[in-house]
Amino acid sequence: MGVKTDLQPKYGERRTRLPPGPWNLSRAEKREVCNSFYGMKVPEGYSSNIKNLVSLQDSRLLGLKSHDCHTLMQQLLPVAIRSVLEKPARYAITRLYFFFNAICAKTVDVSKLDKLEEDVVVTLCLLEKYFPPSFFDIMVHLVVHLVREVRLCGPVYFRWMYPFERYMKVLKGYVQNRTRPEGCIAERYIAEEAVEFCTQHLSDVSTVGVPSSQKMGVSKPLSGCTNTEEVLPYIEQHMIHIKTAYPKFRKRTKWLQDKHNSTFIQWLRFKVQSEFEEDNHGVSENLRWLAAGPNMAVPLYRSYLIKGIKFNIKAQDDVRTTQNSGVYLLAQTMQVASAKDKNPILSNMGFYGVIQEIWDLDYQKFTIPVFRCDWIDSSGLVVDELGFTLVDLSKIGHRNDQFVLASQVKQIFFVDDPMHRGWSVVLSMPNREYNDVIGDEVLGDVIIDCEPFTRGMPNVDTFDELVGELGGQNIRDGCEDIWIE
């Protein structure tokens, strides 16, 4: 029939050889995938220590929990297989990864659910083309119905079992007498509830279950957003002042922005002081202390807890098995098309960096944590055809503006790219579950946009045509990228 002639048995004089399928990995490829997993460092609380799940001797993954399998399928596996497998099979797995990312997102666009359901059907058909029939049990088929569940029940993170599975581990830790596990759990639970209730009526006491080490460097209620809203009218007044004082430069946007950055602090201090001396002034106490400037003695921290997310400096991550020093900032900045472009525009731009120092600025009445980061230069930032963001951590730029408010960044982490040596793939922390809420503020509001297959999905019918044209050759040897716009 001429179907998949490259997989037909090869008959020899002494033995018959079965060629490897597109899903098979050679011994060297297995070792490469395991080495990729072995070198991954993820943020604290993201998953288990991936290094402990890898057996380099047997080239296998061992001891995975259900949440570990979820994180591998949603983020880590597509990165580990970037340099192995044939491109059609690898793209089929990557499509499944994008599907899980979409349904597990914090917000779901209902208008895109029909298209998402069509895509997952095509993805399963692609998997059937490249994987053996024994792979497709009922669990693989149930993926088709996940979009229907989202349409009927809402986002997945409201319904999945991970928070309850984690809490079951807490309850199992209550057991001291294995012959009476239910009684141990009930007694310990009632005791903790009673202690928690009593602490609400006592002062200078510690809550149950929170280590003392985690209480150092906790962010204060006053955030950078509040300060920005109070200072915003003064920023506009200062820009008008600069244009009035330098009429020749009022059309040079970049010069005005640089002048504003270098002189705003001194101007704000004088402006607030003059307004404060007037009667019926509208200067708030926070703005007064902010204009006066912070204490010159600045404490430094190796770790800091911001809205339940732990950030470390790079030196701290180097001696730990976790990675909490990567940050992402979405900010408005002046952008030009080239060095000769004299008409810069103000638009949003993403910045990727690594925390080098954590400062806690003391303004007498409040403190504001800031990060000093090494930001990646634009020459070390690339987005590939699948939408993965690649960075070169050795190319550091923006050295004249390294500080950022801790409340304005989102935590990310970097994984070495097995396809391009010296480059790293940027991955973001998944959104918190519904029970990870502080007050009325839900964590993870900043979302990094990652559009999969930026040049369009690979043409499904094209691969069949290529196999026929190549006359049974390995697809990896002759396949080219053919896209649907």
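Mentor: At 39% relative accessibility, K4 counts as partly exposed. The model is a predicted one, and K4 lies in the segment before strand 1 (10-11).

Trainee: What is the phi of K4, which is not a glycine?

Mentor: K4 belongs to the segment that precedes strand 1. Although K4 is not a glycine, its phi is positive, at about 50 degrees.

Trainee: Where is S59 found?

Mentor: S59 is another residue other than glycine with a positive phi, near 55 degrees. Its place is the loop between strand 3 (54-55) and strand 4 (60-61).

Trainee: How many disulfides does a search of the whole structure find?

Mentor: A disulfide is a covalent bond between the sulfur atoms of two cysteines. The search covers the whole structure, and the number of disulfides found is 0.

Trainee: How are helix 3 and helix 4 oriented to each other, parallel or antiparallel?

Mentor: Two packed helices are described by the angle between their axes and the distance between the axes. For helix 3 (residues 87-103) and helix 4 (residues 113-130), the axes are 9 Å apart and the angle is about 150 degrees. Angles over 145 degrees count as roughly antiparallel. Helix 3 and helix 4 are therefore roughly antiparallel.

Trainee: How do the residues of the contact of helix 3 with helix 4 divide into nonpolar, polar and charged?

Mentor: Helix 3 passes helix 4 in a left-handed crossing. On the side of helix 3 the contact includes I93, R95, L96 and F99, while helix 4 contributes residues including D119, T123, L126 and Y130. The division is 14 nonpolar, 1 polar and 2 charged.

Trainee: What percentage of the residues in the chain is buried?

Mentor: The chain has 14 helices and 18 strands. Of its 485 residues, the buried ones make up 37%.

Notes
Residues are numbered from 1 along each chain as its sequence is written. This is a predicted model: local features need pLDDT of at least 70, side-chain atom pairs count only at pLDDT 80 or more; totals for chains, interfaces and linings use all residues. Side-chain values use heavy atoms; hydrogens and water are left out. Helices (H or I, at least four residues) and strands (E, at least two) are DSSP runs, numbered from the N terminus. Buried means under 20% relative accessible area, exposed over 50%, partly exposed in between (1.4 Å probe, protein chains only). A disulfide is a pair of cysteine sulfur atoms within 2.5 Å. Axes are lines fitted to C-alpha atoms, for helices over the stretch in contact, and angles run from 0 to 180 degrees between N-to-C directions. Angles under 35 degrees count as roughly parallel, over 145 as roughly antiparallel, 65 to 115 as roughly perpendicular and the rest as oblique. A crossing is left-handed if the near helix is turned anticlockwise from the far one by less than a right angle, and right-handed if clockwise. Contact means heavy atoms within 4.5 Å. Ala, Val, Leu, Ile, Met, Phe, Trp, Tyr, Cys and Pro count as nonpolar, Asp, Glu, Lys and Arg as charged, and the others, Gly among them, as polar.
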